[in-house]
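Dear colleague,

Please find the structure below, handed over for your further work. My notes on its contents follow directly after it.

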Protein chains: 2
Amino acid sequence: MTQQGRREQKREETRRRLMREGQRLFAEQGFDRTSVDEIAAAAGVSRRTFFHYFGSKEDVVLSRHDDFERALLDAIRTAPPEAPLLGVAEQAVIAALGSFDADEARLLEQLKRDTPALRARDHGKYERLERSIAGALAERSGASPDDLRTRLDAMLVTGILRVGGSEWVRALAAGVPIEEYVRQVVRLLGRELSSAPAEGS
Amino acid sequence: MTQQGRREQKREETRRRLMREGQRLFAEQGFDRTSVDEIAAAAGVSRRTFFHYFGSKEDVVLSRHDDFERALLDAIRTAPPEAPLLGVAEQAVIAALGSFDADEARLLEQLKRDTPALRARDHGKYERLERSIAGALAERSGASPDDLRTRLDAMLVTGILRVGGSEWVRALAAGVPIEEYVRQVVRLLGRELSSAPAEGS
DNA sequence: GAAGTATATTGCACTCGGTGCAAAATTCAA
DNA sequence: TTGAATTTTGCACCGAGTGCAATATACTTC
């Protein structure tokens, strides 16, 4: 057992290099004007190898989502069973967004702003996330993940994460702490929805 | 002026044929296992021409969205200015979903269920729709479309449309009228959110 | 250290979606 | 009928993504 994890280590290293070079090129010349071949070459690796690390070009940018998805789902699962939905959402989103590098977040947000393909893929991820959240919520409540209420709840959590996250990044310059920001988002949402719709029309 | 709009008429006809054949092939063999060449051939037109009618393969299926997007946005714009958000959402979603063919909706829902690429593109459309909704809401309220509250409101409307629509299609067999269904969705949402989150944690 | 096994990397050929361009066919207005 | 506007088409091209088989590299065993 001279070196147990040299393979794994090298793999990790290559992955990082691909991400670094990818992000750099994207930032410099835009997402669309950067080809996979270019990224692979910059990372000193073959085009074919690139696809062994990332399933798509978009994943170079969006793979970070997997990290905070995990954090979010964990927070939902470990929340006290009697907590109200918005409370759970608040904690979960804070947990997810907390582990986020400011610079990287800003770049990501900017790339998403001017790259339709990236936005589409991004939303595709949110769609899958929403399903996972529905699953986690269903575990908590004992209901089915396909239950209407469960789906609506999942929709809310996802929406808070998405909109809150994006707006928070934009406000990052002001140095607002995440906790406070998310709390305000949730408060705003609660107020918006407590005004009942017209019942008779 | 023998024929004023024969061009336009023929164009419309070709478009319809492409959609019909596309939907048929998708239903028969699945979205992924149907190529653009196949659709074009079935419609008796060249592959290149296909792309003069649809920007992408997905659009063959999703172009209907444009119709009910218009209906939705119109409903938002013409809503009384003092109406509460959930009321506006309710009316708008009813208006949008009302003009929907049941069979086609079911096929679409099924295709979306087992085609990731389609789901992704679908969500991409919702993303754009959410922005449009934010714009319409901003017109009403005088706020900016980038305002946090406006964005959250737009998120809610989109979510109601998306989840409500999808669930409604699943329940179509039971013959529940749209109005009632959407109203229940909104009521459920309102109840969910009126329970305030824990303020001190 | 050498031999053998597992895994990573690579090149290659291929499919498919999508686009630019210019020529040919069609529709429309004079 | 002539000529302009527009549609259709073919063709060549790019880039993303995949399957496969060969080669190189890391790890294990003796």
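In these notes, a residue is near a molecule or strand if its C-beta atom, placed from the backbone, lies within 6 Å of it. The model is predicted: local features need pLDDT of at least 70, side-chain atom pairs count only at pLDDT 80 or more, and totals for chains, interfaces and linings use all residues. Residues are numbered from 1 along each chain as its sequence is written, while chains are lettered from A and ligands numbered from 1 in the order in which they are written.

DNA strand D has 22 residues around it, of which R6(A), R7(A), S56(A), S46(B) and T49(B) come nearest. Two or more residues each are given to this surface by α1 (6–29), α2 (36–42) and α3 (47–53) of chain A, and by α1 (6–29) and α3 (47–53) of chain B. Helices (H or I, at least four residues) and strands (E, at least two) are DSSP runs, numbered from the N terminus.

Around DNA strand C there are likewise 22 residues, and S46(A), T49(A), R6(B), R7(B) and S56(B) come nearest. Here the elements giving two or more residues are α1 and α3 of chain A with α1, α2 (36–42) and α3 of chain B.

Chain A itself comprises ten helices and zero strands. Its C-alpha atoms fill a box of roughly 65 × 45 × 35 Å along the principal axes. Of the 201 residues in chain A, 36% are buried (20 or more other C-beta atoms within 10 Å of the residue's own, with C-beta atoms placed from the backbone).

Yours sincerely

Terms used. A residue is buried if 20 or more other C-beta atoms lie within 10 Å of its own, exposed if 12 or fewer, and partly exposed in between; C-beta atoms are placed from the backbone.
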